[in-house]
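Keep the structure open beside you as you read.

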Amino acid sequence: MVAEWLPCNCCPVSPGTPTPRGLHDSLAMNAARSGYRVFSANSTAACTELAKKITERLGAELGKSVVYQETNGETRVEIKESVRGQDIFIIQTIPRDVNTAVMELLIMAYALKTACARNIIGVIPYFPYSKQSKMRKRGSIVCKLLASMLAKAGLTHIITMDLHQKEIQGFFSFPVDNLRASPFLLQYIQEEIPDYRNAVIVAKSPDAAKRAQSYAERLRLGLAVIHGEAQCTEQDMDDGRHSPPTVKNTTVHSGLELPLMMAKEKPPITVVGDVGGRIAIIVDDIIDDVESFVAAADILKERGAYKIFVMATHGILSADAPRLIEESAVDEVVVTNTVPHEVQKLQCPKIKTVDISLILSEAIRRIHNGESMAYLFRNITVDD
């Protein structure tokens, strides 16, 4: 069941913007209550837009701070007001320069900790390094390292959205609220895609099938899954159990006979489900390198889909993604504003943005007031 949305004329931002029933009422109640401050840890103007939208919805002002890069590349953070005994929320959106954004967040958290803030809550809509959450050969689980660094810097809580792997929450020694963007994307499908009842939800690989199934069930639509050799998933990468690699002429103990592992071989590319004469809506959590989405769109066109949408929470859109999307069979790419992508939108008019500042501002209000977060997860499934 999809949450019911109503036009809202009482919130500080965008009168008439649709909001879930009851959510705008709670935002209007004591949103600017004293005892908390909201800071932005970004040093670039493009990355502070989400922070401004959140504070406007809360009826608050951004905390006074200066974040900048020294001429030698070092990051410097200066807090320009007292934060003693207050709940501090640090909003950090992740631009293309991921490592700089991480250092900005760590240094600001540590500065607030030494300034005697009561609680330091990181609002990180897109959590960086989330794809590096499993052991790969002789690599490392970088996401766990980052979780430890954030705790050491002074963070006591994190608000994020659609973690790439939900198990990442177990890396942290403090609470993590993993919000979902699916209600906003479902609303977009219902309101902005004409004749969406003639659509089919598509998973571009078997790994994304659970998410696609969740969308299909709530929209009462059909489901299709793309499977075959053209797809490349994280599971195809060798993990630590396959290392070290086989070396010729190695000495093996005479009594040791391990079973021979057969090489993995993908079948020819197949679309499981009927997409002929339908609108195809591909859903995923992250769209970064778009080659796999472009390949999926091509096969769907071949199978008879007459319109193709791609929907994802985090629109990173690296490298030549805007150009590839513009030249592809994809009709529209819909992402949220967890990651700034205004430059990419100028390069490709097919990219559309859904604002999720409403749910982030409500999460901030509820955490500060000590209220339950259950309302924000209403009608949300584990597979979203």
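1. Start with the largest nonpolar core, which has 48 residues. A nonpolar core here is a set of buried Ala, Val, Leu, Ile, Met, Phe, Trp, Tyr and Cys residues joined through side-chain atoms within 4.5 Å. Ile-159, Leu-179, Ile-201, Ile-281 and Leu-360 have the most contacts inside it. Helix α10 (residues 357-369) gives this core its largest share, 6 residues. In general, nonpolar side chains tend to be buried together in soluble globular proteins.

2. A word on the source: this is a predicted model, in which local features need pLDDT of at least 70 and side-chain atom pairs count only at pLDDT 80 or more, while totals for chains, interfaces and linings use all residues. Residues are numbered from 1 along each chain as its sequence is written, and side-chain values use heavy atoms, with hydrogens and water left out.

3. Now look at Ile-281, found in strand β13 (residues 279-287). Ile-281 counts as buried because its relative accessibility is 0%; buried means under 20% relative accessible area, exposed over 50%, and partly exposed in between (1.4 Å probe, protein chains only). Beyond its neighbours within four places in sequence, Ile-281 is in contact (heavy atoms within 4.5 Å) with residues including Ile-189, Val-200, Ile-201, Phe-309 and Met-311. The C-alpha atoms of Ile-281 and Lys-307 are 8.4 Å apart, although 26 residues separate the two along the chain.

4. His-368 belongs to helix α10. Its relative accessible area is 12%, so His-368 is buried. The side chain of His-368 makes a polar contact of 2.9 Å with that of Asp-87. Such a contact is a pair of N or O atoms within 3.5 Å; within protein, one must be able to donate a hydrogen and the other to accept it, and residues adjacent in sequence count only if both atoms are side-chain atoms.

5. Helix α5 (residues 182-192) is mostly covered, with 8 of its 11 residues buried. Among them are Pro-183, Phe-184, Gln-187 and Tyr-188.

6. To finish, here is the whole chain. The protein chain holds 10 helices and 16 strands, taken as DSSP runs (helices H or I, at least four residues; strands E, at least two) numbered from the N terminus. Of its 384 residues, 49% count as buried. Among contacts in the protein chain with a separation of 6 or more, 69% are between residues 24 or more positions apart.
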